[in-house]
Amino acid sequence: MKKSAISCPFEKSRLEKGYGEMNDQDDPVVMVLRHKDVRKCAHNWKTFQSGAKPGRIVIPSEVNIRDVRQIPFEVDPPMHGEYRIILEKWFKRPLEESYENELRKQIEALVEVSMVKDSVEVINEFALVLQSRALTLLFNVPFSESETWISWGTHVFRSEETALDSYKANVLYDYIDRQIEKSIAQPGEDFYSKLLAAEVNGKKLTKKEIKGVVILTFAGGRDTVINAITNSIAYFAEHPESIERLRREPELIKFAIEELIRYFSPLTHMGRVVTEDTQICGRAIKADTRISLNWASANRDASVFENADEVVIDRKINPHVAFGFGTHNCLGATHARQIMKVLVQTLIDKVGAIDIFDYEENIENLGEFKRKVGYKNINVKFHKK
Amino acid sequence: MAKITFITSDEQSITVEGNSGNVMELAVKNKIKGIDGNCGGVCSCATCHVHVLPEYWDKIGAPSELENDMLEFDENISDHSRLSCQIQVTDAIDGVVLKVAK
């Protein structure tokens, strides 16, 4: 098996039962595993709710470390749509030419520096740096802010010592409070100022609501983007033929990006709280318990994807759910896709071979299932083209 | 050359021309409001959903099984829903009118 391969631990259960089970801090989760069922449950936000107690739809649950509601993530319709309207335009800015140009400058500079080094630890020296710098564009704040964000390490909520580190969460929350106060004192063109000026149903957002939006923006795109970047580097290291092909046929890049995102599925699953007694694949589900929509499993469903466990770099029809599905689909997807596009283009332009030295895999424990989501660390050498 | 008319959610009617690629790409190129094509046309994001005006349904044709599956749980599906990234721009669809889904 290749070092960059990511296997699917859910296959057997997906085929045999359609669901899996895991415990999480005494609040068990029934994981929905098939593509169609995942879409069906994601669509049914009334029965499978996001607007539950803050932190409960996240797995592992954050109810013990967070009472701020993430917005619009933990709000269901109709309010979800009201929040979403004021955010959509801002989160489409990555499509603007000036944004893409800045992103390209950032990524090219990072790749240039990395190629000079004998060895690069991709998670901390490359992906975290790239993600943090790119986030300054999404927030429209000075580049230098990325230094603070890089210093927080790879997880905003989680650290190496414990799965849920409330100390780290507080570092983030205090930081956000300070930034909001700063933008109140001196409004500008940054994300906080935009949120402070925004109105929902004729009312200004409260500081708590703004904080909820900002926490989501930090947390949702942190380890997901870092894993997507790192897994891409590992993939291209072992598949120089794919780099060659994209170099010859750059029109395939858009397909390659979606395929890599499907294959990696950087977010394994997301929870929902069940509002009424129901059943999934014949398994009874009680009200006020949790299910999860397992995007990673759905994305390997062989009834939808031919050669589901392989990266088919030019896969043309690719109805993956790596960015979720339906009402709550990922707000940061445009930013993430632009990062992937510019990264792939930069690798094609500048990088020749990539050698993998040593690595440690990052394995998620999900009850009986163990899933590789990426790496804890991976050392590589980037060679110039 | 195929002429394609889009009716946006604010009832504006815009006619554009094309001879290659898919309808989503044509719409994005012409900045048709409400067609985003986030996934680049791989049938994943459903942000290029259109309702074909019934009189043109035969010209456009029904969706494939996979496309139909993706539409199945869309909020605003109709009997004439299509994902425009899965419709090729050819002379065969000249003159069709598509209503951009909300």
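I take helices and strands as DSSP runs, numbered from the N terminus, a helix having at least four residues and a strand at least two. I note at the outset that this is a predicted model.

**Entry: the loop between β3 and α3 of chain A**

I went through this loop for cis peptide bonds. With the strand and helix assigned as above, A:Pro78 falls in the loop between β3 and α3 of chain A. The peptide bond that leads from A:Pro77 into A:Pro78 is cis, and its omega is near 5 degrees. I then looked up A:Pro72, which lies in the loop between β3 (48-49) and α3 (79-91) of chain A. The bond from A:Ile71 to A:Pro72 is also cis, and I noted an omega near 0 degrees for it.

**Entry: the loop between β1 and β2 of chain A**

I looked at two residues here, A:Gln25 and A:Asp24. A:Gln25 is in the loop between β1 and β2 of chain A. Its phi is near 50 degrees, which is positive although the residue is not glycine.

For A:Asp24 I checked the side chain and found a salt bridge to A:Arg290, at 2.7 Å from N to O.

**Entry: helix packing around α11 of chain A**

I took α11(A) against two other helices of chain A, starting with α10(A). Helix α10 (residues 223-238) and helix α11 (residues 240-248) of chain A pack at about 95 degrees, and their axes are 4 Å apart. The cut-off for roughly perpendicular is 65 to 115 degrees, and α10(A) and α11(A) are therefore roughly perpendicular to each other. From α10(A) the contact uses A:Tyr235, A:Phe236, A:Ala237 and A:Glu238. From α11(A) it uses A:Pro240, A:Glu241, A:Ser242, A:Ile243 and A:Leu246. I sorted the residues of this contact into six nonpolar, one polar and two charged.

Next I took α14(A). Helix α14 (residues 333-350) of chain A packs with α11(A) at an angle of about 95 degrees, the axes being 10 Å apart. A:Ile243, A:Leu246 and A:Arg247 of α11(A) meet A:Val344, A:Leu347 and A:Ile348 of α14(A). By class I count five nonpolar residues, no polar and one charged in this contact.

**Entry: chain B against chain A**

I then turned to the interface. In it, 17 residues of chain B contact 20 residues of chain A. The buried area between chain B and chain A comes to about 1700 Å², and carbon and sulfur atoms give 56% of it.

How many salt bridges are there between chain B and chain A? I have two. B:Glu72 makes a salt bridge with A:Lys36, with 3.4 Å between the closest N and O atoms. I also have seven residue pairs in polar contact between chain B and chain A, both residues at pLDDT 80 or more.

Which helix of chain B gives the most to the side that touches chain A? Helix α3 (residues 65-72) of chain B does, with four residues. I divided the residues on that side of chain B into six nonpolar, five polar and six charged.

Key
Residues numbered from 1 in each chain as written. Chains lettered and ligands numbered in written order. Predicted model: local features only at pLDDT ≥ 70, side-chain atom pairs only at ≥ 80, totals over all residues. Heavy atoms only, no water. Contact = heavy atoms within 4.5 Å. Buried area = accessible area lost by both parts, 1.4 Å probe. Salt bridge = Lys/Arg side-chain N within 4 Å of Asp/Glu carboxyl O. Polar contact = N/O pair within 3.5 Å; in protein donor to acceptor, adjacent residues only side chain to side chain. Nonpolar A, V, L, I, M, F, W, Y, C, P; charged D, E, K, R; others polar. Axes fitted to C-alpha atoms, helices over the stretch in contact; angles between N-to-C directions. Parallel < 35°, antiparallel > 145°, perpendicular 65-115°, else oblique.
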